[in-house]
Protein chains: 2
Amino acid sequence: MTGKQFTSVWFREPRKAAAPGRSREEIVRAALELLDQEGMAGLSMRKLGAKLGAGATSLYWYVANKDELLELAYDQVWAEMTVPDAEEVGWRDAASAMAYGMRTVMLRHPWSADLLGRVPALGPHALSASDRMRRIFRAAGFHGLDVDYAVAAVTAFVYGMTLPEIAWDATANDSDYDADEMRGMVAKAAADFPDMLESLAMGAYQDPRVLRATAFDFGLVSVLDGLERRLAT
Amino acid sequence: MTGKQFTSVWFREPRKAAAPGRSREEIVRAALELLDQEGMAGLSMRKLGAKLGAGATSLYWYVANKDELLELAYDQVWAEMTVPDAEEVGWRDAASAMAYGMRTVMLRHPWSADLLGRVPALGPHALSASDRMRRIFRAAGFHGLDVDYAVAAVTAFVYGMTLPEIAWDATANDSDYDADEMRGMVAKAAADFPDMLESLAMGAYQDPRVLRATAFDFGLVSVLDGLERRLAT
DNA sequence: GACATCTCTCGCACACTGTGCGAGAGCATT
DNA sequence: AATGCTCTCGCACAGTGTGCGAGAGATGTC
């Protein structure tokens, strides 16, 4: 087993911050800007270095490698996720708001789709968000490991729903076709499935964004209903 | 807008198969082998060419670019997903079997996690699977767009749940630490959240695989319960 | 038989990527 | 003045996907 060792930034002591000059914070901030503007493919160490007026490899003094940098940036995304207090609004509304919040944050930082569920979420912000999520479901009445299961169910739904949304937006942006042309080609591919075509046609009369929001809401209500039912027994 | 044009293999006419020699099928098959053995990072055009006793760029005769190749491989994964007939076993069992099936197929081809929900699933096998999924929920009693919403809810849950499972397996494999050491480091990172620590400790006494299967079942039952409730109203 | 056309292979080259290494600059402490 | 520590960065290496254009081999067509 000579495979490269797995490590997380959060398992190591950070380099003690010295004088101003460059800092880990500044680097992460610049990386976030680059990611928001150009997406995951637009972030390279050389570009990031240039943006900071530094040589590409200077950054390696503050960050062990690119993966660590991404872990750091990832945690900043978690910082934006607001998880309301269940004591105030009731667990159902809290869970719902949390789910919607995750979705909007993900859509705001599409590159996070490449990291969510793929990179260990052990940063301080991620942990704090998890803790607040768990609180919601404890307030709902779950106990023991069921709390984790409930959190996992809702977050899994949000990931799985939002991820394709992001992917769709990305391909739509990269395409020279407009929405109608796109739909036409999809229809051609699905020509053998009349039932799907019908459904496609029904969706064509609505704004895709509204359509997706509706789908999200439909699923979310179902998931929460299901969890509620479990509490009742 | 000079961005590279988005296209899908499924939008283009395939090159009409000529004599044996090399063929698109053979290439895709070899790519699948490589992906299963070495994962997404292990697939490069040069390696694939070598495996087939061909030059790296020879493959470009059969496939426009690597993305197209991945779309083709991706569809083969969908070919493995069995979706039972709702008429025979009832919609709930059918949906449940479908969800478990998707999960096992994904775990069997971990690299598919990088494609699922990210790449348009418009290949024949993907479409056929979708069609059969829709049938399940129509049999359940959903109508119009609700059919799509229900399918989306269940598949989103499966993606979102299985994706982190795969990621965890991957990092565990790359690591020289064993499960206990890993848990120790996680515990250190989460030291500020006593509630999480307690939960971590509770999970420590069980086989992680069983734990994850339990979590999956818990969520799936909830989602299906939620959908069932919607039918009742 | 000779020539043209079409199918397919592949080496070269280009522009990129992450990052290990080692030389050095600037500053602080002794 | 000398030592050592913190930090920068150019070079180089081993990769990546893929555009291009030269050619091989088969298959018509006159």
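**Reading one residue and one interface**

Met81(A) touches Gly101(A), Met102(A), Val105(A) and Ala129(A), leaving aside residues up to four places away in sequence; contact means that C-beta atoms, placed from the backbone, lie within 7 Å.

User: Before we go on, what kind of model is this?

Analyst: This is a predicted model: local features need pLDDT of at least 70, side-chain atom pairs count only at pLDDT 80 or more, and totals for chains, interfaces and linings use all residues. Residues are numbered from 1 along each chain as its sequence is written, with chains lettered from A and ligands numbered from 1 in the order in which they are written.

User: Is Met81(A) buried or exposed?

Analyst: Count neighbours: 20 or more other C-beta atoms within 10 Å means buried, 12 or fewer exposed, and in between partly exposed. Met81(A) has 20, so it's buried. Met81(A) sits in the loop between helix H3 (66–80) and helix H4 (86–89) of chain A; helices here are DSSP runs (H or I, at least four residues), numbered from the N terminus.

User: How are chain A and chain B related?

Analyst: Two copies of a chain are related by a rotation about an axis and a shift along it. Here a 180° rotation with 0.0 Å of shift along its axis puts chain A on chain B, RMSD 0.0 Å, fitted by least squares on C-alpha atoms of residues with pLDDT of at least 70 in both. The two copies are thus related as by a two-fold rotation axis.

User: How many residues are in contact between the chains?

Analyst: 56 residues of chain A are in contact with 57 of chain B. H7(A) gives the largest share of chain A's side, 18 residues.

How values were computed: Contact = placed C-beta atoms within 7 Å. Helix = DSSP H or I, 4+ residues; strand = E, 2+ residues; numbered from the N terminus.
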